[in-house]
Structure formats: C-alpha cells, structure tokens
Amino acid sequence: MPVLIVAVALVGALCLLNLLFALGVIRRLREQTKLIDALYEVVGDMPDAGAGGAGPAAGDTVADFRATTTAGEPVARDDLAAASVVAFLAADCKGCHEQLPGFLAWARDQDRGRVLAVVNTDGADPRAFVEQLTPVARVVLEGAKPAVARAFNVTSYPQFVVVGPGATVAEVIHAASRLPVGAPA
C-alpha cells in the first residue's frame, strides 16, 4: 500500500510540473504573438513603402484603372469615394485565408458601396472567396495582369487600403482587425 501512495503522489507531482510547463509555454506564445503583431505594424508603416517601394503608402495617388465586378458592374478610380476600403486578397494566399473571416465580419457592418475586394486568381480557384465576399463587397477578379493592384502599387497580399479624398491612399492596413469603423450600411 505505501508503494501505491508514493506512485500516485509521484504521478500527481509530475502532472503539476507538466501543467506549470504548459502555462509557461502559453505565456511565451502570447508574448511572441504581441511582438510579431507589433513588428507587422512597424513594417507596414515603413516610410519607404510606396512610390516605387514595396507597396502603397499614405499620400500616394491611385493611378487610373477600369475593371468589372463579378456582378458586371464597372468600377474605376473615380468611383471610389473617400473612406472606401479596397481589400487586396489572393486565392492562394494563406494569410488572406486567415484574414478573410475578420474582413467579412468588419464588412458586414459597412456600406457595401464603400467596400471593394480585389481577388488575385493566379494559382488557385477564387470561387470560395467570391461566394463569401459578394454579399458584403463589390468583387473584382484579377489574373496575371492585375490592373487594380497595379493602380494601387500593391505587390503583396493581403492588404487593405483606405482611400482618401481625391483618390489618394489614406492608410494601408495589413490586418483586418485594424480596419477603421466606416459608414454603416
């Protein structure tokens, strides 16, 4: 009997030690996530982005473009009102798939006319994106020659661009959770 009591006490102590290690790992992962999020924001706000750099930057002027949505509606630079958000996503982009639920949740509370989703179709079937995005945004599909992405100087995905007055870039956001509250539907 004393051997059994010692064995149970030893197993209990090992379980408590394992629990402490698990809690320590969870705490470290949370710290790492905060550091990565902070780095992601700093990299997204680099002053050398845009103007021939790594993507659009606040103050850049959107080049003229013309496209057609999946519903057959024409879209052009001059159709974008101030405070519109243009989401650049790619069907084969893991980060885009991760950001999509947050973007959809945000877009449901917005005026659909101020939300444009540009989906790059190179490398993957965009049907799942189109089905999910159509109720909350105007959707444009782009292939090998992405006119809208070039007009905004987008070189990577996902990116969310807030359009300012005069078809300028007001803000570039890399995470759907940081999108601004806009004009409600």
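Okay, let's start with the sheet: five strands, open, in the order β5-β4-β3-β6-β7, and the pairing is mixed. The strands at the edges are β5, residues 138–142, and β7; each has a single partner strand, so one side of each is left without a neighbour in the sheet. Going from one strand to the next, the twist averages 25 degrees. And there's a helix packed on this sheet: α2, residues 94–108, which touches β3, β4 (115–120) and β6. The direction of α2 makes about 155 degrees with that of β3.

Before I go on, please keep in mind that this is a predicted model. For the overall layout, the protein chain has four helices and seven strands. If you walk along from the N terminus, the elements go α-β-β-β-α-β-α-β-α-β-β. The chain is 185 residues, and 37% of those count as buried. Now take the contacts between residues at least 6 apart in sequence: 65% of them join residues at least 24 apart.

You'll find β6 at residues 159–164. How many of its residues are buried? Six of six, so to speak: β6 is mostly covered, with six of its six residues buried. As a reminder, in a regular strand the side chains alternate between the two faces of the sheet. In β6, one side has Gln 159, Val 161 and Val 163, the other has Phe 160, Val 162 and Gly 164, and all of these are buried, which leaves both faces covered.

Who are the partners of β6? On one hand there's β3, residues 85–90, which pairs with β6 in the antiparallel sense over four bridges. Within that pairing, Val 85 stands opposite Val 162. Then there's β7, residues 168–173, also antiparallel to β6, this time over five bridges.

Phe 160 stands opposite Ile 173. Val 161 stands opposite Val 172. Those two are eleven residues apart along the chain, yet their C-alpha atoms are separated by 4.7 Å. Further along, Gly 164 has Thr 168 as its bridge partner. The hairpin has three residues between the strands, and Gly 166 there takes a positive phi near 70 degrees.

Let me zoom in on Val 161. Is it buried or exposed? Val 161 has a relative accessible area of 0%, and the cut-off for buried is under 20%, so Val 161 counts as buried. What is Val 161 in contact with, once you set aside its neighbours within four places in sequence? The list is Pro 56, Ser 84, Val 85, Val 86, Phe 88, Phe 152, Val 169 and Glu 171. Val 85, Val 86 and Phe 88 in that list fall in the range of β3, which is 85–90. Val 169 and Glu 171 fall in the range of β7, which is 168–173.

Most residues other than glycine have a negative phi, and most peptide bonds are trans. So where do we see something else? Tyr 157 and Pro 158 are joined by a cis peptide bond, with omega at about -5 degrees. Pro 158 is in the loop between α4, residues 147–152, and β6. That loop also holds Asn 153, which isn't a glycine but has a positive phi of about 65 degrees. Asn 153 is partly exposed, with a relative accessible area of 24%. Ala 83 is another non-glycine with a positive phi, about 75 degrees in this case. You'll find Ala 83 in the loop between β2 (74–76) and β3.

Last topic, cavities. Searching the whole structure turns up two of 30 Å³ or more. Which residues line it? Thr 69, Thr 70, Ala 71, Glu 73, Arg 112, Thr 134, Ala 137, Arg 138 and Val 139. By class, that lining has three nonpolar, three polar and three charged residues. Two of the names there, Arg 138 and Val 139, carry numbers within 138–142, the range of the edge strand β5.

That's my tour, thanks.

How values were computed: Residues are numbered from 1 along each chain as its sequence is written. This is a predicted model: local features need pLDDT of at least 70, side-chain atom pairs count only at pLDDT 80 or more; totals for chains, interfaces and linings use all residues. Side-chain values use heavy atoms; hydrogens and water are left out. On a 1 Å grid over the protein atoms alone, a cavity is a set of points where a 1.4 Å probe fits but cannot get out, and a pocket is an open set with protein on both sides within 12 Å along at least five of seven lines; lining residues have an atom within 4 Å of a point. Grid points are joined across faces, edges and corners, and a volume is the space filled by probe spheres set on the points. Ala, Val, Leu, Ile, Met, Phe, Trp, Tyr, Cys and Pro count as nonpolar, Asp, Glu, Lys and Arg as charged, and the others, Gly among them, as polar. Helices (H or I, at least four residues) and strands (E, at least two) are DSSP runs, numbered from the N terminus. Buried means under 20% relative accessible area, exposed over 50%, partly exposed in between (1.4 Å probe, protein chains only). Contact means heavy atoms within 4.5 Å. Two strands pair if DSSP finds at least two bridges between them. Axes are lines fitted to C-alpha atoms, for helices over the stretch in contact, and angles run from 0 to 180 degrees between N-to-C directions.
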